[in-house]
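Good morning, and thank you for coming.

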Amino acid sequence: MKCINSNSLPVFTNQQKTGHGDVPDGFDGLELVVDDLVPVQNDSDIPVVALTTGKYNLFSMAQGDRQIQKEGLDYFAELLRYAGSYKNEDDSAAGKIVVIRANSVTIDGQAAIQSYQQGFNLVFKSLEILTRVAEGLRVYLTVENPADQLLLSPLELRDLLNEINNPYVGLAFNPGHVGAGCWAADWLRILRRHCMAMRVPMGD
């Protein structure tokens, strides 16, 4: 699935989450950026196929700060339910994708991940919880590969997704996050079974 981020379209702003127009050629629909979980009033003729947020990301759930970790987990659970409110023609939310972004984050100038092992374990436990929510809604949950701090190897990311082992959980692959000296093609070859979306945000 290929979608365009709503921040890339002038008809969509943080205040106005509906608009009208044509989806650019080659795109299936819109990746809607949702930072406020307000009731959905979607009168747009642009199909929403994926949702993401800039409010929390993968590193929020890997936090040593339990309050931030819990807030991130709770927000993504609600975002999955929010995605479920965007209905298809058959009145189901089946096929919608929620993207957990993995852009680098610092808090008060400190790296978000204080312990690699702790961060990995917290992400795994969080994904286990979110998997049950996604499966119940028939909404797909995808994790963007991080550029730094955590899950830096495609083998490690593959093992994490293998351990989750659920058809509703996969990878939103961002080739721009592949580290120096690595090849995006190698990541795709290793993770192809889990790749549900390609994510190449403008200006990322």
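**Loops, core and helices**

I begin with N165, which sits in the loop between α4 and β8 (169-173); helices here are DSSP runs (H or I, at least four residues) and strands are DSSP runs (E, at least two), numbered from the N terminus. This is a predicted model, in which local features need pLDDT of at least 70 and side-chain atom pairs count only at pLDDT 80 or more, while totals for chains, interfaces and linings use all residues. Residues are numbered from 1 along each chain as its sequence is written, and side-chain values use heavy atoms, with hydrogens and water left out.

N165 has a phi near 50°, a positive value in a residue other than glycine. Because its relative accessibility is 57%, N165 counts as exposed; exposed means over 50% relative accessible area, buried under 20%, and partly exposed in between, with a 1.4 Å probe and protein chains only. A second residue other than glycine with a positive phi is R138, near 60°. R138 belongs to the loop between α3 and β7 and is partly exposed, with a relative accessible area of 42%.

Now the chain as a whole. There are five helices and nine strands, in the order β-β-β-α-α-β-β-β-α-β-α-β-α-β along the sequence. Of the 204 residues, 46% count as buried.

Where does the largest nonpolar core have the most contacts? Inside this core of 43 residues, those with the most contacts are L130 and L141. A nonpolar core is a set of buried Ala, Val, Leu, Ile, Met, Phe, Trp, Tyr and Cys residues joined through side-chain atoms within 4.5 Å. Helix α2 (residues 66-84) gives the most to the core, with eight residues. Leaving aside residues up to four places away in sequence, the residues that L141 touches include L80, V98, I100, L127 and L130; contact means heavy atoms within 4.5 Å. A second, separate core has five residues, among them A50, V99, A172 and A197.

Let us stay with α2. Its 19 residues reach 27 Å from first C-alpha to last, close to the 27 Å expected at 1.5 Å a residue; the expected span is 1.5 Å times one less than the number of residues. D65 caps the N-terminal end of α2, with a side-chain oxygen 2.9 Å from the backbone nitrogen of Q67. Buried residues of this helix include L73, F76, L80 and G84. An α-helix has 3.6 residues a turn, so residues three or four places apart point the same way. The cover over the buried residues of α2 includes β3 (48-52), α1 (58-61), β4 (97-100), α3 (116-137) and β7 (140-144).

The axes of α3 and helix α4 (residues 154-164) come within 10 Å and cross at roughly 35°; these axes are lines fitted to C-alpha atoms over the stretch in contact, and angles run from 0 to 180 degrees between N-to-C directions. Residues making the contact include F120, V123 and L127 of α3 and L160 and I164 of α4.

Methods. Polar contact = N/O pair within 3.5 Å; in protein donor to acceptor, adjacent residues only side chain to side chain.
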